[in-house]
Amino acid sequence: MLNRVKESFSFNIVLPVLFISILLVSCKNEINVNPADTGTKLAITIDGIEEQIDGSLDKNASTSIRSNLSPVTENVKPTIVDFGDFYAEVSMGKDHGANSNGSTASKLSAVGVGNLNNINPVATKSPLVKDVKYRVILYPDATGTSAAISSTIGVAGSPLSIPVEKGKSYYWIAYSFNDNNEPQEPTNGKIASDQRDLIHAAGFTGVIPGVEGDGQDVTVPVKITFAHKLHRITIEINASTYPGTFTALSGRLGSANYFRGGALDLKTGGFASAPSTLSTTTIDFKEINASVRRAYYYTAPATSIPSMDVNIIGLAINTTAGLTGFTNRTFTFTPVQTSEGYNYTAKIELKPKIDIKKLKILEVGVYAYYKIFSEAESKKAVGVRTGHANSGLYAAMFNQNNFGPNGKVITTSYDDWSVTSRDVGSGGLDDLNSAGYKLLLVSYDYRPTTSDVTAIRGFVAAGGRVLYYGENLEDSPGEKSLVSFYSGSDTHSTGSKSNGILSNGGANDVYWRLGNATNNTILNGSFGIGANQNIYDDANAGHSLLNANLSMIDVLGRDADFTDNIVFFKSKTSNFYWLSDGGFTVYNPGWTQASQSVGNTSYPFLLDANKRPIISSFGNSVWASTKVANSVIMMNLIEKWLKEVQ
């Protein structure tokens, strides 16, 4: 398991890591006999490199040696490291779900010629890149105990055929360093690993049909799927999400004795481990692009790797805010068990801190628990605001588990959002286009005037963001005007639902499903996957929009009863969002878990006991299978808008 980060930049992370230095053995040609080309050949094709093994042996497979899977370590939440004006998310993640526990001859199953295509597919294969060179060695018996009779170099992307004799069966091995250098011939059946990706496969041909001298040409297909034999660790420094470009990066390992090389027995697929010493501790970072640097290391399987220090000597990146970086920061990684085929990336991802004050918000609507603040609350000094007890927006936005130096979204603080709330039903937008607002929230029971509509349209046209969550299409000309302008329609259904109602038959436990979120990825973010989830309304008062022009909008939610009707959309050409329920963000702080019921209330904005957005069941156990995503969707949108204004 991956552990948490220690203080002073000491990290307990799964890291079986890095460089192996092995004395290269001299090439020794063990091949004494090469069969004459009599027209009988093996036709070699490369099926790729196995990156994820999908179970146990296929009794009919002949192309490589495979084994059962063992449990693998899961990725964990990144650790946050503060560097002042920016921070780093530090993580260790498994690149593939692959782990081959060794490829021994005892695990092979022979098949006859003609069954070579009966191969159990694997979950993931990567191709052998064109011009990569590999070697195929043949042994003239079913056990591979005799001396090899041929050794042939193949090149990926080019055909390869190897002469064989009819009436015989052959054991073959294939190996490569996954590059365009010819792999040397083995010494005593073994090949030494080095700092390259050693890949290997072995299998049987079955008996070659026919009799020598019968005058018939025979071509026997052999398909090879390689397996990685070394444990790869990638060290990645990534500034792409800052965004930034590297101007300097250097680092070194804390010791030259961390890692193991080994001699691979090509017949059994097993390693004979040997101590190794690095020739240099300097980390050789490769430029992937202007914002990403990586260093690759390989190690033979070993029981564990000692604690390892990685020191970043100097790092500098150029960002929109100027040059930033750090010097001489050491990260310590603890021992870990290794096994062939595991690939991990140790990532340090650099990100700017987000200033929540930059998302200056104006909120208008009738004062109720739907809003972040009352007007009076919005005028209090930072740090003394309380917000309404049933405001989901207040509970989630002003909680350091969600936003803050250690929050889900890393921000400079958690309690100094710039929010102005006005408890008005109309006419509260006089300074919308002059006071530097970045987001307008039009909440419960607001009916915009003609001048309000003009102000909102001007705000949106200038790049502003509007979330209009209301339910007044039937009696608000201003809301109808806005919805029609951005969607092409103001035709609507009234609030009553039918099969959107979920009830156990009692008078006090009724909850309403407003609609179903679409698969639009704008609904996803750091707080979870909001796409394709249920969204609920409060008090069964939501509306839905009919006959919208789909070329004008991105549909984010469809009616629970009538899927052609729309309950949530975004303008395709601007940041105008409309949500057809004024109570979308209602929250009940008395619920310590989302599945609790509290009488006849209907609070769809779900937070856990730590006020973190969750997707969970809503109501009592009667609706345990129903999941509600209001809070996750809303906080993902707040995150999106917050990042846009930095």
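In this predicted model, F568 touches L523, I535, D554, V555, L556, G557, Y577, W578, L579, I633 and L637, when residues up to four places away in sequence are left out of the count. F568 is also one of the residues with the most contacts inside the largest nonpolar core, a set of 44 residues in which I372, M397, W417 and M635 share that standing.

Helix α5 provides the largest share of the core, with 7 residues. Apart from this core lies another one, which comprises 28 residues and counts I237, L315, F331 and I348 among its members.

The model also contains an open sheet of 6 strands, arranged in the order β4-β5-β22-β14-β19-β18 and with mixed pairing. Because β4 (79-82) and β18 (286-289) stand at the edges and have a single partner strand each, one side of each is left without a neighbour in the sheet. From one strand to the next, the twist averages 25°.

Within this sheet, strand β14, which covers residues 231-238, pairs with strand β19, which covers residues 292-299, in the antiparallel sense and over 8 bridges. In this pairing, R232 stands opposite Y298 in β19. In general, the strands of a sheet pair through backbone hydrogen bonds, in either a parallel or an antiparallel manner.

Definitions and conventions. Residues are numbered from 1 along each chain as its sequence is written. This is a predicted model: local features need pLDDT of at least 70, side-chain atom pairs count only at pLDDT 80 or more; totals for chains, interfaces and linings use all residues. Side-chain values use heavy atoms; hydrogens and water are left out. Two strands pair if DSSP finds at least two bridges between them. Helices (H or I, at least four residues) and strands (E, at least two) are DSSP runs, numbered from the N terminus. Axes are lines fitted to C-alpha atoms, for helices over the stretch in contact, and angles run from 0 to 180 degrees between N-to-C directions. A nonpolar core is a set of buried Ala, Val, Leu, Ile, Met, Phe, Trp, Tyr and Cys residues joined through side-chain atoms within 4.5 Å. Buried means under 20% relative accessible area, exposed over 50%, partly exposed in between (1.4 Å probe, protein chains only). Contact means heavy atoms within 4.5 Å.
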